[in-house]
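Reader: I am new to this structure. Please take me through one part of it closely, then show me how that part sits among the chains.

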Amino acid sequence: MSSGLLFFAVALAGALLFALRPAWFPLAIDSAAHAWDREFAITLIVTGIIFIGAHVLLGWTVLRARCKKSGASVNSSLHLEILWTSATAVLFLGLSALGSRGWARIPEKTPGEERIEVYARQFAWHFRYPGPDGIFGRTDNKFVSDSGGNPIGLDPADPDGHDDLVSATLRVPVGRNVLLLLHSRDVIHDFFVRELRTKQDIVPGMEIPLEIRVDRPGQYEIACAELCGLGHSQMHSLLIAMPPPEYEQWKRAH
Amino acid sequence: METRALSRRMRVPRPRAIVRAVFSTDHPAIARQYFFLSLAAVVFGVLLSLLMRFHVVHPTAQVGWFERLWPVKAIGGVMTPELYLSLLTLHGTVMIFFVLTLAPVNAFGNLVLPAQLGAEGFAFPRLNMASFWITLLSFGILIASFTAAEGGPLAGWTAYPPLSAVGAISGPGEGLGQTLWFVSIALFCAASLLTSINFIATIVDMRAPGMMLMRMPLTCWTWFVTAILMLLSFPVLMAAVILILSDRLGGSSFFVPAGLLVGDLDIPHSGGSPLLWQHLFWFFGHPEVYIAILPGMGIVSAVLSNFSRKPVFSYRGMVYASVSIAFLGLVVWGHHMFTSGINPYSAIAFSVLSMSIGVPSAVKTFNWIATAWGGTFELTTAMLFALGFVSVFVTGGLSGLFLGQPTIDAYFHDTYFVVAHFHLIMGIAALFGIFAATFYWFPLLFSGRMLNETLGKAHFYLTFVFAYATFFPMHFAGFAGNPRRYADFTSFDFLQPLLPLHRWITHSAYVLAAVQLIFFWNLFWSIRRGRQASENPWRATTLEWSRRRGIVVRGPYEYRQKGGERDYIMQDEPDAGATV
Amino acid sequence: MAGALTQSNIGGPPPDIPNFPAGGGGGEDRDRPYRGGSRQASITGIIVLMCASTMTFISFVSAMVVRRGLNTDWRHFQLPHILWWNTGILIVSSIVIDCARRVLVRNRRRLFNWLWSFGAVLGLAFLAGQILAWTQLEARGLYVGKGPASAFFYVLTWSHAVHVIGALLPVLYIEFRALRWELGPGRRTLVVVSAIFWHFLDVIWLGIMGLFVFWA
């Protein structure tokens, strides 16, 4: 008896707790994140129905049997099998089709977009802006000096790099496309900002583009989301989204 | 000295009894050896996880005996992040390999497979014995890796390069510890290969007369497809381990690109691809999780059928579903790599295939419920665990539908949402399958005794409740974007409000672990003093319960609904003698 | 007829043994100890093993394909001439071993011994030749850490050599039994299975050579 009720309890508890889910998610700060929230909601409704349905059915099966009612039972039914196989196929593949929209877009250079380089290493973040000339200067490992203030290894001999701005926080203009170019100098890291609802592994040896566009000003935390060593949980930085005039002012001032 | 005639010419002295017992080629004895090995492994793995959970909620706590155990990595009695990460690595490795691969496949397969097929024994008994001892050696080397000078490896059970490939410079424990870890894994691959050869040859060639493939019990089917999965996936892991050991020790650059600066050391490798490791690893890694769950599914089918006194609903459907799950499991590995930097178009292909696995899984779930529907229940502990399996499998499997969509996965990847998903499915569902098998086949494992049912039921209810209480809330930590493999949460503002949730999880985990003591008490008491079972205590139809050793004349699961004592017919029971 | 005790058949239903093994198991109490499956089972077993080995080599080859496409640092190198001799030795040893297998079926045990010994010697010669090839390559400055092409060469040939050593163990064990006249048409499962695996290693070797001659 109690085992049947147990399954009902699971269904109920699960449903209640999931109804509370908006409380857990951080604010969505760009249009992609809003789209994510919608997609998540659809999947949650589908899986929620299946979750509750399966548990109610399971509980009912147990209770029914224990009451010793010799009700109908089925040993095999081709109709039922075809029905539930095709229903799940349509449902799951439909979800998949929904989820794949918008995924296979390789970021391209849109005119007027900000390009910012992101440098991850054990265990800190650095961000580089190209400066007024819009060109990133050359870098090389042999110039890297964390204590000497050159964490990304800017070549002092390269004039394009003289106006490059290296910052410990990522500042971006609100409402404009930003193309992040992700680099790692040692192991695999991952650039993760919860409010953007996306993350991207940073693989050493590759330059990986990530397009973002923040619609709300504010400060958002950047975390590393790929195990990178003993300081993995300490790689903290901030994404600071500022209105464009403030942003331009900040760039000029540094 | 006894001799035993091997041929008319050669006489070999027979080894002493103790040697024969220890190096036994007898499959029930080997099954017991594997059973106790995975029991030791699970205790070890659980203790590691409790240490991890403790640290997560008390990152700065000073614990005297930490320092005694780990003088370098827990200096002052405070667990360092590198110690946490090495505990985490060991936890994953021990649980996935030495519990979830060994217990369902090796322990119970060895116990029951030949008997269920009506075979005299396995095809290669000595290979079987060798497989156990290689596994034990592998376990020993794994422990050694953990106790090496600078500590155990901290790269996780996934061991992604370059972190795991460039040596000690990338972290404490990444020197000798990581190398020994790779050696242990290579040995485990070899042992698994021997097991899979044995299982496949036995199933293909040694079935009793009349045991057609479509009359095999579903447990044999799941062991069959599991053995094939092992055959196809473990060699790939072995190849990857050879390549990475070559990078570590031989100076090659299969996985290490050029221009790395780790710490302040320029790494001399060049031209390799870290993604290559991920492809090879996950080509193994995804089938591995199906290896962990498929035998449990077979056991659940058998147990649900037996204790509902009804045939399995759509035996054929179950067979096709098992084969589909295994086949699809081989082509979906990319879903572990959606955010890794793979081609987005291949990500879509992997996504569609991954979501498709939900279809045979759902078919199985419906079939289980339909099997139980309208049955005359006997709610034994094994039956409770089988029903519990269905519940946890549904819960854990549904979160997979989120993770199988690349855009949604982009948020949840490497967060506690994934941790919830795999713990519910592997840590709980697969474990419930193992518990069900233990209660069901205990008389075959330990000389005809039965486990105590009262203790068993108490164990089930408490485990069910506290397993959900521990792992379900992890979904919510995932919603909040809580990254996984974090030694502590002190560096991030957004993690502070989650601490009460983590304290709940930790305390629930303590209780969940403590509750397992009921099972251990039951186990060790019943081995000695358990109630003696009758010949076929569960009134089952499959051959492991039969003394007849005759020809197989019907399918498994021939239960009838007429009630009374004889409501079943065994597979090898001649028609004339049957009463209905 | 030679070879009274065979492994080549399981006859009829097994004798009645107690179902709950007390401590040990059913195998030890009977007159005839349980030795495992039939010749057919052994052949299935070796086929399964070949599948597994194939998967390992496929993994290496696919890694090689990926790696070659990734960078421009792939440097072809000239294979040492001794490898061609080794290839020939391996092919001849395969032919010889197969002849030996057929001859054993017709119970010509003396001829079998000659042929099998010759095959075993050729197998050992192959291994020696491989070692020589590796030393020659290293003398030319091509070791495993020097560039991807040579790294893959070492990994592939080293894995193949490990398989050859593994195959030589039963070959030598058979040699030992054959010299004591213990084998015959009814005791030839290990011979059949070893021959099959040896031919498989032949094919793998030809694949590796083909890969490096025509592609890498």
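Is C:Met64 buried or exposed, and why?

Author: This is a predicted model, so every value here is computed from predicted positions. C:Met64 is buried, because 23 other C-beta atoms lie within 10 Å. The cut-off for a buried residue is 20 or more, so the count for C:Met64 qualifies.

Now place the residue. C:Met64 belongs to helix H2 of chain C, which covers residues 39-70. C:Pro148 is 84 residues away from C:Met64 in sequence. In space, their C-alpha atoms are 8.3 Å apart.

Follow that helix to its partner in chain B. Helix H8 of chain B spans residues 218-250. The axes of H8(B) and H2(C) come within 8 Å. They cross at roughly 45°. That angle makes H8(B) oblique to H2(C). The crossing of H8(B) past H2(C) is right-handed.

Which residues meet there? From H8(B) come B:Leu231, B:Leu232, B:Pro235, B:Val236, B:Met238, B:Ala239, B:Ala240 and B:Leu243. Facing them in H2(C) are C:Val48, C:Cys51, C:Ala52, C:Met55, C:Thr56, C:Ser59, C:Phe60 and C:Ala63. By class, this helix contact holds 14 nonpolar residues and two polar ones. It has no charged residues.

Step back to the whole contact between chains B and C. Chain B gives 52 residues to it, and chain C gives 43. On the chain B side, the elements with two or more residues are all helices: H1 (17-22), H2 (27-57), H7 (176-205), H8, H9 (274-308) and H14 (416-445). H8(B) supplies the largest share of that side, 11 residues. By class, the chain B side has 27 nonpolar, 16 polar and nine charged residues.

Chain B also touches chain A. Two pairs of chains are in contact, and chains A and B share the most contacts. Here 76 residues of chain A meet 85 residues of chain B. Several elements of chain A give two or more residues to this side. The helices are H1 (2-19), H2 (31-66) and H3 (78-100) of chain A. The strands are S6 (189-193), S7 (198-202) and S9 (218-224) of chain A. H2(A) brings the largest share, 15 residues. The chain A side divides into 38 nonpolar, 25 polar and 13 charged residues.

What about chains A and C? No contact joins them. Their closest C-alpha atoms lie 11 Å apart.

Last, chain A itself. Chain A has four helices and 10 strands. From the N terminus, the order is α-α-α-β-β-β-β-β-β-β-β-β-β-α. The C-alpha atoms of chain A fill a box of roughly 90 × 40 × 30 Å along the principal axes. The radius of gyration of chain A is 26 Å. A compact globule of 254 residues would have one near 18 Å. Buried residues make up 37% of chain A. Take the contacts in chain A between residues at least 6 apart in sequence: 70% of these join residues at least 24 apart.

Definitions and conventions. Residues are numbered from 1 along each chain as its sequence is written. Chains are lettered from A and ligands numbered from 1 in the order in which they are written. This is a predicted model: local features need pLDDT of at least 70, side-chain atom pairs count only at pLDDT 80 or more; totals for chains, interfaces and linings use all residues. Two residues are in contact if their C-beta atoms, placed from the backbone, lie within 7 Å. Ala, Val, Leu, Ile, Met, Phe, Trp, Tyr, Cys and Pro count as nonpolar, Asp, Glu, Lys and Arg as charged, and the others, Gly among them, as polar. The radius of gyration is taken over C-alpha atoms; the globule rule is 2.2 Å times the number of residues to the power 0.38. A residue is buried if 20 or more other C-beta atoms lie within 10 Å of its own, exposed if 12 or fewer, and partly exposed in between; C-beta atoms are placed from the backbone. Axes are lines fitted to C-alpha atoms, for helices over the stretch in contact, and angles run from 0 to 180 degrees between N-to-C directions. Angles under 35 degrees count as roughly parallel, over 145 as roughly antiparallel, 65 to 115 as roughly perpendicular and the rest as oblique. A crossing is left-handed if the near helix is turned anticlockwise from the far one by less than a right angle, and right-handed if clockwise.
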